[in-house]
Each structure stands twice: as structure tokens, then as C-alpha cells.
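Good morning, colleagues. Please look at the chain on the screen while I describe its fold and its packing.

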Amino acid sequence: MAKLPFHDEHAPLYSLGQVAEMLQVQQAYLRRLDQHDVVSPSRTTGGQRRYSQRDIMTVQHVTRMTDQGMTLAAIRRILELESELAELRTELDAARTRLAELE
């Protein structure tokens with residue numbers, strides 16, 4: 001059976017309006033996150049934003065940080081560092097696996 005797009009957390013399935021309603025935020029807030037490169041959803045050929053489940057989780061994370069008084073510039077940097085940390089953890093796990101195989 002084929003994997004359906006709604007099982008893929010990176011599939012761009014949700015419109016700006018749907019996400020705003022889901023998260024109870026203003027559409028302008030979502031546009032602002034995109035303009036400041038904090039959350040960059042996919043675009044349709046017509047230029048409309050389409051959000052994935054992963055994007056929606058990131059918007060929720062960003063909203064919590066803005067509620068704590070953080071600026072969008074600070075949040076963007078935090079997201080970059082979190083991504084870098086995740087990559088480094090993956091590399092560390094792979095190195096540990098290779099080391100264990102050599103023993």
C-alpha cells in the first residue's frame with residue numbers, strides 16, 4: 001500500500017488559513033514568521049503558502065518562545081542551534097555505532 005502524504009510530516013498539506021485557525025493565531029503572524037525566515041513553508045505554483053505538520057510544530061514552538069518575550073531574531077538563532085545540535089547528535093550516534101562495530 002502506498003504511503004499517503006498525511007503520513008509524511010514534511011508534506012505541505014495545510015493552507016495559511018487552516019494553520020491560523022488550528023493554532024488560533026493571526027494569519028499576519030504566520031506571514032511575519034515567513035518574512036523573518038523563522039518558519040518557511042512551501043509554496044504552491046501560485047505562490048500560496050502550504051504548511052507541513054513539521055512546520056506547524058515549529059510554529060507552536062516559536063509561539064511559546066514569543067510568549068516568553070523572545071525576539072524573532074533570537075528565535076531564528078535558537079532554531080538554527082537546535083537544528084545544528086540535532087545534526088551533531090546524529091553524527092555522534094553514527095560514530096558510536098562505527099566504533100562499536102570495530103570492537
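Among contacts (heavy atoms within 4.5 Å) between residues at least 6 apart in sequence, 53% join residues at least 24 apart. This is a predicted model, in which local features need pLDDT of at least 70 and side-chain atom pairs count only at pLDDT 80 or more, while totals for chains, interfaces and linings use all residues. Residues are numbered from 1 along each chain as its sequence is written, and side-chain values use heavy atoms, with hydrogens and water left out.

I turn to the overall architecture. The protein has four helices and three strands, taken as DSSP runs numbered from the N terminus, helices being H or I with at least four residues and strands E with at least two. From the N terminus, the order is β-α-α-β-β-α-α. The radius of gyration, taken over C-alpha atoms, is 17 Å, well over the 13 Å that the globule rule gives for 103 residues, so the protein is more spread out than a compact globule. That rule is 2.2 Å times the number of residues to the power 0.38. Along the principal axes, the C-alpha atoms fill a box of roughly 55 × 45 × 20 Å.

Next, the sheet. The three strands form an open sheet in the order S1-S3-S2, with antiparallel pairing; strands pair if DSSP finds at least two bridges between them. S1 and S2 (42–43) are the edge strands, each pairing on one side only. Two bridges join S1 to S3, and Tyr 14 has Tyr 51 in S3 as its bridge partner.

What of burial? Buried residues (under 20% relative accessible area, with a 1.4 Å probe and protein chains only) make up 26% of the 103 residues. In H1, Leu 16, Val 19, Ala 20 and Leu 23 are buried. They cover an arc of only 100° around the axis, which puts them on the same side of H1; the arc is that of the directions from the helix axis to the C-beta atoms. These buried residues pack against S1, H2, S3 and H3.

Beyond its neighbours within four places in sequence, Leu 33 touches Val 38, Val 39, Val 59, Val 62 and Leu 72.

Definitions and conventions
Buried means under 20% relative accessible area, exposed over 50%, partly exposed in between (1.4 Å probe, protein chains only).
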